[in-house]
Amino acid sequence: MVMMSSRMAGSTLLRHLGPRLFSGASAVRGAAAAGGPAYTSLLSRATASEPAPVLVRLFLVRMASTTATPVVGGERGQGEANPSAAEKEATASYWGVQPSNITKEDGTPWRWSCFMPWETYKADVSIDLKKHHVPTTLLDKIAFWMVKALRVPTDIFFQRRYGCRAMMLETVAAVPGMVGGMLLHLRSLRRFEQSGGWIRALLEEAENERMHLMTFMEVAQPRWYERALVLAVQGVFFNAYFLGYLVSPKFAHRVTGYLEEEAIHSYTEYLKDLEAGKIDNVPAPSIAIDYWRLPADATLKDVVVIVRADEAHHRDVNHFASDIHYQGLELKDTPAPLGYH
């Protein structure tokens, strides 16, 4: 009885859907005539074996929805589509969400998709740039001299090309915050515990360093071998820092703190060359003007001053995080500094 009822249901369904799905060669031939060789080939395969008309129809619909409309007339070039306004609107609202029109305070359109107006800020440049954490323990000394050793090949390779040096520095400086934030995030998930705000603080640090990179990319266009160096250094540093953070977070944060101290030194030297006229004090990149809310006539010198202040804030945050671990505490036990950059 069950088998017979299922057969009857199947025959009823087939009777209702058959005329639509198995609509014969006329509809398929019409699509082939409109679609060209690809459809003609599909038609020949479909008519040769009748069991697959359903797939043929579905495939034709899929191709019709993704294939660009051929150009009829005009001078836009061979094979280039000229979508209508309706097609553009359909593409923009694929998920049913229209793109929002974001504007700045003066009403002009917002140009950037990598950050939003509410993520911009005015940097605090009053921070003490000369603060230094004196290494006392063995781990501190290892971290300090390891960073000093890493500076030697950097000085040899970049000399005083501080624009390229800054670009290379930021590709490395954006790694620790992302690694630390990721590992704290996973730990919070495993232990069902709060993070004390440190996940957000470290990820914000990584994002801030990445914006430094986006800025200096406008100042110094990297050569092919410099891009290759970035790939190699980032591959080694990310994995080394990842393992180091797993073994000892306090050591990893101390290393980052000393890296930031070296960054402050590098940007100070950059400023000296800018003030001495050895490097052209060009207008600030527009992305930097919007990100740090700089005046329209800001220059590269203004950008370097602000970036150096950001690095000083990152220095203090990471040394503070390392000190928390040295006290036998975990980061979640002490709230993270808010608005440090």
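The lining of the largest cavity divides into five nonpolar residues, one polar and one charged, where Ala, Val, Leu, Ile, Met, Phe, Trp, Tyr, Cys and Pro count as nonpolar, Asp, Glu, Lys and Arg as charged, and the others, Gly among them, as polar. The model is a predicted one, in which local features need pLDDT of at least 70 and side-chain atom pairs count only at pLDDT 80 or more, whereas totals for chains, interfaces and linings use all residues. Residues are numbered from 1 along each chain as its sequence is written, and side-chain values use heavy atoms, with hydrogens and water left out.

The structure holds one cavity of 30 Å³ or more, and the space in the largest cavity amounts to about 30 Å³. On a 1 Å grid over the protein atoms alone, a cavity is a set of points where a 1.4 Å probe fits but cannot get out, while a pocket is an open set with protein on both sides within 12 Å along at least five of seven lines; lining residues have an atom within 4 Å of a point. Grid points are joined across faces, edges and corners, and a volume is the space filled by probe spheres set on the points. The largest cavity is lined by Tyr-162, Arg-165, Ala-166, Leu-169, Ser-266, Tyr-267 and Tyr-270. Helices α7 and α10 each supply at least two residues of this lining, and α7 gives the most, with four. Helices here are DSSP runs (H or I, at least four residues) numbered from the N terminus.

Helix α7 (residues 162-191) and helix α10 (residues 249-275) pack at an angle of about 160 degrees, their axes lying 11 Å apart. The α7 helix is therefore roughly antiparallel to α10. Axes are lines fitted to C-alpha atoms, for helices over the stretch in contact, and angles run from 0 to 180 degrees between N-to-C directions; those under 35 degrees count as roughly parallel, over 145 as roughly antiparallel, 65 to 115 as roughly perpendicular and the rest as oblique. Contact (heavy atoms within 4.5 Å) involves, among others, Tyr-162, Arg-165, Ala-166 and Leu-169 of α7 and Ser-266, Tyr-267 and Tyr-270 of α10. The residues of this contact comprise seven nonpolar, three polar and four charged.

Of its 29 lining residues, Leu-150, Thr-154, Val-172, Val-233 and Leu-259 are the closest to its centre. At least two lining residues come from each of α6 (138-158), α7, α9 (224-247) and α10. The lining divides into 21 nonpolar, three polar and five charged residues.

Helices α9 and α10 pack at an angle of about 135 degrees, with axes 5 Å apart, so that α9 is oblique to α10. Their contact is formed by Phe-237, Tyr-241, Gly-244, Tyr-245 and Val-247 of α9 together with Pro-249, Ala-252, His-253, Thr-256 and Leu-259 of α10. Seven of these residues are nonpolar and three polar, with no charged residue.

A further pairing joins helix α8 (residues 198-219) to helix α12 (residues 300-326), at an angle of about 155 degrees and with axes 11 Å apart. The α8 helix is thus roughly antiparallel to α12. Among the contact residues are Trp-198, His-212 and Phe-216 of α8 and Val-307, His-314 and Phe-320 of α12. The contact of α8 with α12 divides into eleven nonpolar, five polar and four charged residues.
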